[in-house]
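Subject: Structure handover

Hello,

Here is the structure I promised to pass on. Please open it alongside this note. My findings follow below.

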Amino acid sequence: MPGMPVTCGLRTVPSARNVAQGQKVLYLGKISGGPRFGARGTVVRTLRNNALVDLGKVGTWRVPYYFLALPEAA
């Protein structure tokens with residue numbers, strides 16, 4: 001509808017099978033001292049229980065898959 005903000009869906013990442021190296025992801029965790037909620041990053045390496053994600057200025061973090069989501073176009 002006109003005047004409504006454009007929304008984008010999110011698809012959570014349940015395991016390493018759903019994410020690939022170089023893929024863009026969103027960080028959905030809320031941990032004290034960690035990246036901010038909604039930070040965007042790129043997967044550097046997939047591991048068994050977590051992914052190594054480059055979050056730009058925040059640095060590179062090892063993030064569990066349950067804190068990641070894939071942005072999807074609405």
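Is Tyr27 buried or exposed? Tyr27 counts as buried, because its relative accessibility is 4%, and the cut-off for buried is under 20%. Keep in mind throughout that this is a predicted model.

**Overall layout**

The protein chain has 6 strands and 0 helices. Along the sequence the pattern reads β-β-β-β-β-β. The chain has 74 residues, and 30% of them count as buried. Take the contacts between residues at least 6 apart in sequence: 42% of these join residues at least 24 apart. The accessible surface is about 5,300 Å². Carbon and sulfur atoms account for 54% of that surface.

**The core**

In soluble globular proteins, nonpolar side chains tend to be buried together. Here, the largest nonpolar core holds 14 residues. Val19, Val25, Val53 and Leu68 touch the most other members. At least two residues of this core come from each of strand 2 (24-27), strand 4 (50-54) and strand 6 (68-72).

Look at Val19 in particular. Leaving out residues up to four places away in sequence, Val19 touches Val13, Val25, Val43, Thr46, Tyr65 and Leu70.

**The strand 4 and strand 5 hairpin**

Strand 4 and strand 5 (residues 60-64) run antiparallel, joined by 5 bridges. Together they form a hairpin, with 5 residues between the two strands. Gly56 sits in the turn and has a positive phi of about 70 degrees.

Asn50 is in strand 4. Its bridge partner in strand 5 is Pro64. Asn50 counts as buried because its relative accessibility is 17%, which falls under the 20% cut-off. Its contacts include Arg62, Val63, Pro64 and Tyr65, with residues up to four places away in sequence not counted.

Val63 lies in strand 5. Val63 also counts as buried, at 3% relative accessibility. Beyond its neighbours within four places in sequence, Val63 is in contact with Tyr27, Asn50, Ala51, Val53 and Leu68. That list takes in Val53 and Leu68, two of the core residues named above. Leu47 is 16 residues from Val63 along the chain, and their C-alpha atoms are separated by 9.7 Å.

**Aromatic rings**

How many aromatic pairs does a search of the whole structure find? It finds 2. One of them is Tyr27 with Phe67, an edge-to-face pair. The rings are 6.0 Å apart centre to centre, with 65 degrees between the planes. This pair links distant parts of the chain, 40 residues apart. Tyr27 belongs to strand 2, while Phe67 is in the loop between strand 5 and strand 6. Ring pairs link Tyr27, Tyr66 and Phe67 into a cluster.

Tyr27 therefore ties several points together: it is buried at 4% relative accessibility, it pairs with Phe67, and it is in contact with Val63.

There is also a charge over a ring. Lys30 lies over the face of Phe37, at 5.2 Å from the ring centre.

**Where to look**

Start at Tyr27 and follow its ring pair to Phe67. Then go from Tyr27 to Val63 in strand 5. From Val63, cross to Asn50, in strand 4. Finish at Gly56 in the turn.

Best wishes

Terms used:
Residues numbered from 1 in each chain as written. Predicted model: local features only at pLDDT ≥ 70, side-chain atom pairs only at ≥ 80, totals over all residues. Heavy atoms only, no water. Helix = DSSP H or I, 4+ residues; strand = E, 2+ residues; numbered from the N terminus. Buried < 20%, exposed > 50% of the residue type's maximum accessible area, 1.4 Å probe, protein only. Contact = heavy atoms within 4.5 Å. Areas by Shrake-Rupley, 256 points an atom, 1.4 Å probe, with all protein chains shown as cover. Core = buried A, V, L, I, M, F, W, Y, C linked by side-chain atoms within 4.5 Å. Pairing = 2+ DSSP bridges. Phe/Tyr/Trp six-rings, centres within 6.5 Å; stacked < 30°, edge-to-face > 60°. Lys NZ or Arg CZ within 6 Å of the ring centre and 35° of its normal.
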